[in-house]
Amino acid sequence: MEKHKDIARIDQESKRTHGWYVRVRFVGKTYSKFFSDRKCGGRCTSLLSAIAWRDKMEKKLGKDLAEQLQNGQPEAAQMTLQKMISQLKSANLTPEQLQKIIQEVSKAIDPAGNYGKVAEHLKDAARQMQAGEKPGAAQSLQAAANELE
């Protein structure tokens with residue numbers, strides 16, 4: 001059977017428990033729900049219900065910086081920015097991780113337009129990361145986080 005992100009199959013014959021367990025983690029909180037085969041009408045329908053719930057929760061929570069800004073979640077965006085700053089200051093940041101941060105910051109520039117100078121700070125940070133200036137990029141991300149307060 002195919003694997004699905006954040007969804008695990010539970011089959012406990014001794015407790016007559018059969019279904020799918022979904023766990024979405026975001027900004028230090030865990031959201032979970034169990035989808036019983038019996039209540040949902042079978043193994044396939046319970047999986048479809050689990051997938052739909054996971055996707056709805058991810059969309060509601062805003063799983064990346066752009067979504068957080070677009071969904072009006074400045075507190076979550078600040079936490080994401082702090083996480084990025086910590087990663088930039090880390091000595092063992094891989095080039096792949098840096099590229100992922102650049103992409104996420106670049107994607108968030110347009111939605112940040114509604115938050116004062118946040119978009120400007122994000123543009124600066126993306127440019128600085130592209131140039132390999134991690135300390136400067138961290139400062140620009142901190143300025144963006146401060147602007148969200």
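Reader: Let's start with Asp55: what does its relative accessibility make it count as?

Author: Asp55 comes out at 36% relative accessibility, so it counts as partly exposed. Keep in mind that this is a predicted model, where local features need pLDDT of at least 70, side-chain atom pairs count only at pLDDT 80 or more, and totals for chains, interfaces and linings use all residues. Residues are numbered from 1 along each chain as its sequence is written, and side-chain values use heavy atoms, with hydrogens and water left out.

Reader: Which side chain does Asp55 meet in a salt bridge?

Author: A salt bridge here is a side-chain nitrogen of Lys or Arg within 4 Å of a carboxyl oxygen of Asp or Glu. For Asp55 the partner is Arg54, at 2.9 Å from N to O. Arg54 is buried, because its relative accessible area is 10%.

Reader: How many salt bridges does the structure hold?

Author: There are 7 salt bridges. One of them pairs Asp64 with Lys107, at 2.6 Å from N to O. This pair links distant parts of the chain, 43 residues apart: Asp64 sits in the loop between helix 2 and helix 3 (65-70), and Lys107 in helix 5. Helices (H or I, at least four residues) and strands (E, at least two) are DSSP runs, numbered from the N terminus. Asp64 is buried, since its relative accessible area is 14%, while Lys107 at 48% counts as partly exposed.

Reader: What about Asp11: which residue does it form a salt bridge with?

Author: That would be Arg9, and the closest N and O atoms are 3.0 Å apart. Asp11 is partly exposed, with a relative accessible area of 42%, and Arg9 also lands in the partly exposed class, at 22%. There is a network too: salt bridges link Lys5, Asp6 and Glu58.

Reader: Where is Asp6 found, and what is its phi near?

Author: Asp6 is in the segment before strand 1 (7-12). Its phi is near 65°, a positive value in a residue other than glycine. At 27% relative accessibility, Asp6 counts as partly exposed. Arg16 is another case to look at: its phi is near 55°, again a positive value in a non-glycine residue. You'll find Arg16 in the loop between strand 1 and strand 2 (17-26), and it is exposed, with a relative accessible area of 65%.

Reader: On to surface charge. Which residues gather in a patch of positive charge?

Author: First, the general idea. Patches are made of residues with over 30% relative accessible area and no salt bridge; like charges are joined within 9 Å, and nonpolar side chains (Val, Leu, Ile, Met, Phe, Trp, Tyr) within 5 Å. Lys and Arg count as positive and Asp and Glu as negative, with His and the chain ends not counted. In this model, Arg23, Arg25, Lys63, Lys83 and Lys100 form such a patch on the surface. Take Lys100: it lies in helix 5 (residues 95-108) and is exposed, at 58% relative accessible area.

Conventions. Accessible areas come from the Shrake-Rupley method with a 1.4 Å probe; for residues, only the protein chains shown count as cover. The place of a charge is taken as NZ of Lys, CZ of Arg, CG of Asp or CD of Glu. Buried means under 20% relative accessible area, exposed over 50%, partly exposed in between (1.4 Å probe, protein chains only).
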